[in-house]
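Here are my notes for you, written as a few numbered points. Keep the structure open while you read.

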Number of protein chains: 2
Amino acid sequence: MSGEKVYNFSAGPSVLPESALLKAQAELLDYKSSGMSIMEMSHRSLYFKAVFDESKAKLKAALKVPDTHEILFLQGGATLQFAAIPMNLMVSGEASYAVTGNFASLAAKEAEKYGKVHIACDTSDRNHSYIPSPEELSVSEGSDYFYYCANNTIYGTEWHYVPETGKTLVCDMSSDILSKPVDVSKFGLIYAGAQKNMAPAGLTVVIIDKSLAGKAMPITPKVMDYKVLIEKDSMLNTPPCWCIYMLGNTLDWVESVGGVEEIEKLNLEKAKLLYGFLDESKLFVPHAETASRSMMNVTFRTGSQELDGEFVKAAEQRGMLNLKGHRIAGGMRASIYNAMPIEGVKALVDYMKEFEVTHNV
Amino acid sequence: MSGEKVYNFSAGPSVLPESALLKAQAELLDYKSSGMSIMEMSHRSLYFKAVFDESKAKLKAALKVPDTHEILFLQGGATLQFAAIPMNLMVSGEASYAVTGNFASLAAKEAEKYGKVHIACDTSDRNHSYIPSPEELSVSEGSDYFYYCANNTIYGTEWHYVPETGKTLVCDMSSDILSKPVDVSKFGLIYAGAQKNMAPAGLTVVIIDKSLAGKAMPITPKVMDYKVLIEKDSMLNTPPCWCIYMLGNTLDWVESVGGVEEIEKLNLEKAKLLYGFLDESKLFVPHAETASRSMMNVTFRTGSQELDGEFVKAAEQRGMLNLKGHRIAGGMRASIYNAMPIEGVKALVDYMKEFEVTHNV
């Protein structure tokens with residue numbers, strides 16, 4: 001590419017707002033005339049404490065997080081939360097899990113170590129191409145919580161409603177957080193790996209109803225005990241400072257665009273453009289069922305593995321990168337997170353049209 | 001400071017090599033003409049995989065890690081390892097811990113959740129100002145391992161010998177890794193938070209004898225199971241990519257200086273300069289006993305809290321930052337990690353001399 005404009009459709013870690021990167025670059029060696037990089041500062045320094053507090057306040061504002069909930073900046077990704085959630089919340093020893101994709105399935109499997117897991121639904125019957133309707137969800141009476149993954153990155157499906165199960169709601173929002181407004185008050189716990197819509201990999205955001213903390217199993221590692229983490233304001237140990245700083249930069253960009261409400265409009269526009277073309281296409285077939293389509297990850301294929309490979313390779317030569325689907329799902333995947341400009345989607349659709357023509361469709 | 005030259009004596013996160021920061025800044029928006037930031041790339045991309053492999057190879061070379069051992073790039077810091085170590089290695093249910101400071105004490109306390117902890121020594125009798133001799137260590141016969149913290153950041157003490165206890169050796173090297181050569185083959189497990197001598201906060205390096213993995217307790221979270229992490233080459237989930245990239249940059253600098261052997265000479269020179277002055281000083285008193293002094297964290301005080309405060313404040317105005325001691329220990333602490341140039345130590349000693357004169361000592 002040698003510095004040419006590219007569009008990065010990576011599923012995660014993924015494209016970040018250019019303004020966030022430019023700010024980071026400009027002040028990398030000398031943060032606010034301190035003579036130090038933000039990377040070189042104690043997490044207890046006044047400089048970093050301000051960064052931490054501001055990132056938290058900006059996220060609170062962007063998602064309208066109510067005062068009943070606490071925002072935590074942690075490490076370990078979704079995989080750590082898979083264990084932390086049952087260890088903290090499976091108080092009576094049972095929970096219901098909606099298995100709508102790979103990550104939800106892994107979460108359910110990990111939870112089995114710590115209690116009884118009731119499978120509320122399993123969409124593998126149609127290759128995880130859909131999200132169940134409320135009527136299709138079976139939630140066990142004894143469940144301490146109901147767990148689901150809001151957006152299934154690999155399959156390109158997304159929940160377009162918040163399930164009302166009468167149980168504490170626990171949600172993995174790793175790949176659609178900040179992509180649209182969400183009523184946080186409905187949730188007991190939301191978590192998200194930062195590496196899609198928020199920051200570089202290495203930060204996990206947890207938003208937890210404070211009343212749920214304090215009931216961790218005795219075997220819970222201290223670093224996973226939400227009560228301790230709330231009390232220590234995420235500083236039980238050194239947090240991933242750089243990622244927290246970058247999150248602040250990303251949130252400045254979100255605000256500059258007009259906030260999460262405006263971001264949603266832009267995301268809808270991008271998704272409509274791409275799905276609109278897919279619905280018309282004689283060559284490309286979308287994977288997700290229409291009502292369950294993700295606004296963040298658009299999965300599709302030609303039906304021929306060879307053609308898929310050719311498409312991905314040729315797109316790359318034109319600066320449209322990382323369109324290969326996940327190895328589990330195959331085909332193509334265009335991840336069009338917040339920071340993907342509509343020009344990128346237009347370029348992709350234009351190229352798909354051209355590809356159709358050159359392949360006599 | 002407004003861009004003036006400063007010396008950053010922070011105990012962690014702490015000063016990084018300027019060349020590592022400059023490289024990061026130069027390629028922040030466009031890594032190797034990819035058109036993408038390294039922060040925006042999939043951890044499974046060829047670009048990042050090369051960064052990962054190179055950082056690992058450079059660390060293996062710098063520390064001469066034998067093939068019996070595996071290097072892991074993880075998250076969660078020392079605090080996560082406090083739990084992971086007993087969960088994986090306390091096979092018969094007992095371990096001995098040397099309590100020579102705050103972090104060792106926290107590690108021992110966390111291990112009690114998972115088995116019987118035998119305290120091999122406790123140096124709190126003399127305010128953690130010393131490291132016990134081999135004869136002072138009591139290791140219980142049934143111990144699966146012996147645990148110690150090589151360098152006690154808060155108190156400024158450091159083990160100057162590798163304990164031969166006949167048990168698997170587990171060591172927290174967070175604050176002196178890469179500061180001097182180490183015979184890795186003697187250790188069952190070494191771990192280190194990256195934020196002192198390696199990279200920004202958010203990365204934990206584990207070096208483990210592969211034969212020790214595979215015996216984790218059933219309650220062990222998957223993200224803490226060393227066997228799984230070895231099998232997945234640290235990519236069970238998305239690793240802290242930026243920190244791994246920065247580690248590579250730091251290791252390039254280590255190599256350019258002449259490797260860990262040369263780094264040790266420079267560190268010795270810096271430490272001698274500062275301790276040499278402290279031994280002569282009529283005002284400043286070192287905290288650590290002579291034989292137990294840390295080459296990384298030099299702790300001292302005037303004996304008057306007021307004078308300590310005045311010294312720290314005035315030093316800051318002269319660009320010598322973060323000299324205040326940890327709140328537990330009080331006094332002053334100069335952390336002189338690998339990336340602190342000798343000029344910084346000279347400037348500090350000069351100022352200490354001046355401070356003595358102006359205070360009529």
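1. Start with strand β12 (residues 297–301) of chain A: four bridges tie it to β14(A), and the two run antiparallel. Follow one of those links and you'll see A:Val298 bridged to A:Ala334 in β14(A). Strands here are DSSP runs of E with at least two residues, helices are runs of H or I with at least four, and both are numbered from the N terminus; two strands pair if DSSP finds at least two bridges between them.

2. This is a predicted model, where local features need pLDDT of at least 70 and side-chain atom pairs count only at pLDDT 80 or more, while totals for chains, interfaces and linings use all residues. Residues are numbered from 1 along each chain as its sequence is written, chains are lettered from A and ligands numbered from 1 in the order written, and side-chain values use heavy atoms, without hydrogens and water.

3. Now zoom out in chain A. The open sheet has three strands in the order β11-β12-β14, with antiparallel pairing.

4. Over in chain B, three strands make an open antiparallel sheet, ordered β11-β12-β14. Its edge strands are β11 (285–286) and β14 (332–335), each pairing on one side only. Two bridges connect β11(B) with the antiparallel strand β12 (residues 297–301) of chain B. In one bridge, B:Pro286 has B:Phe300 of β12(B) as its partner.

5. Last stop: A:Lys222 lies in the loop between β10 (204–209) and α5 (226–231) of chain A.
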